[in-house]
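Please read it beside the sequence and the 3D view.

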Amino acid sequence: MNPNNIPGSLTIIVCLGAKKLCKNLPRLIHAVQREGKSVLWISNPMHRNTFKTETGYKICDLSAIYDLCAFFDIHNEMGSHPSGVHLEMTSEDVTECIGGLSGVMKDTLKDQYHTFCDPHLNGEQALELAFLIAERMRQHTGLPPLE
């Protein structure tokens, strides 16, 4: 794949989950760097961070997704460049992911749980993560925090 090492032609989507990210991502980055390959690194924190509640809802906890900060930190430490984040979201006011400023908790899941597959962030949760990522990027580049 990508025998001429054309930048932007090969994308690695990282779906390790919060528990395995810090252990395994540095090894992946090191292997790519050792081979001199140009890749785009994308984090997909929605996958591998889901679990079923005792009532049977498949959900994602925003505290696990917040570990995507480690995705950025590891890249910064290794001199690599994080290229993007894939988030599953909807504009509807769903209650499929718990945590965050929106106040969705396990006992409110039933209010607006619509998915038949993977849980989605609601608009407020997606914006919260977008601002979290923006703050991380601003810190890394030396820009002042947003107010």
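## An exposed pair

Glu35 and Arg34 are both exposed (over 50% relative accessible area; buried is under 20% and partly exposed in between, with a 1.4 Å probe and protein chains only). The two residues form a salt bridge whose closest N and O atoms are 3.7 Å apart; the term stands for a side-chain nitrogen of Lys or Arg within 4 Å of a carboxyl oxygen of Asp or Glu.

This is a predicted model, in which local features need pLDDT of at least 70 and side-chain atom pairs count only at pLDDT 80 or more, while totals for chains, interfaces and linings use all residues. Residues are numbered from 1 along each chain as its sequence is written, and side-chain values use heavy atoms, without hydrogens or water.

## Salt bridges across the sequence

Searching the whole structure gives four salt bridges. One of them joins the side chains of Glu54 and Lys106, at 4.0 Å from N to O. Glu54 sits in the loop between β3 (50-52) and β4 (58-61) and Lys106 in the loop between β6 (97-98) and α4 (123-141), so this pair ties together parts 52 residues apart in sequence. Helices (H or I, at least four residues) and strands (E, at least two) are DSSP runs, numbered from the N terminus. Glu54 is exposed at 68% relative accessible area, whereas Lys106 is partly exposed at 40%.

Asp73 and Arg136 form another salt bridge, with the closest N and O atoms 2.2 Å apart. Asp73 belongs to helix α3 (residues 68-78) and Arg136 to helix α4, so the link spans parts 63 residues apart in sequence. Both residues are partly exposed: Asp73 has a relative accessible area of 29%, and Arg136 has 23%.

## Helix α1

Helix α1 has 18 residues and reaches 26 Å from its first C-alpha to its last, close to the expected 26 Å (1.5 Å times one less than the number of residues). At Asn24 the helix bends by about 40 degrees, and Pro26 follows within four residues; the bend is the angle between axes fitted to the seven residues ending there and the seven starting there. After α1 comes Gly36, with a positive phi near 70 degrees.

The buried residues of α1 are Ala18, Leu21, Asn24, Leu25, Ile29 and Val32. They pack against β1 (11-14), β2 (40-43), α2 (62-65) and α3, where contact means heavy atoms within 4.5 Å. His30 also lies in α1 (residues 18-35) and is partly exposed, at 44%.
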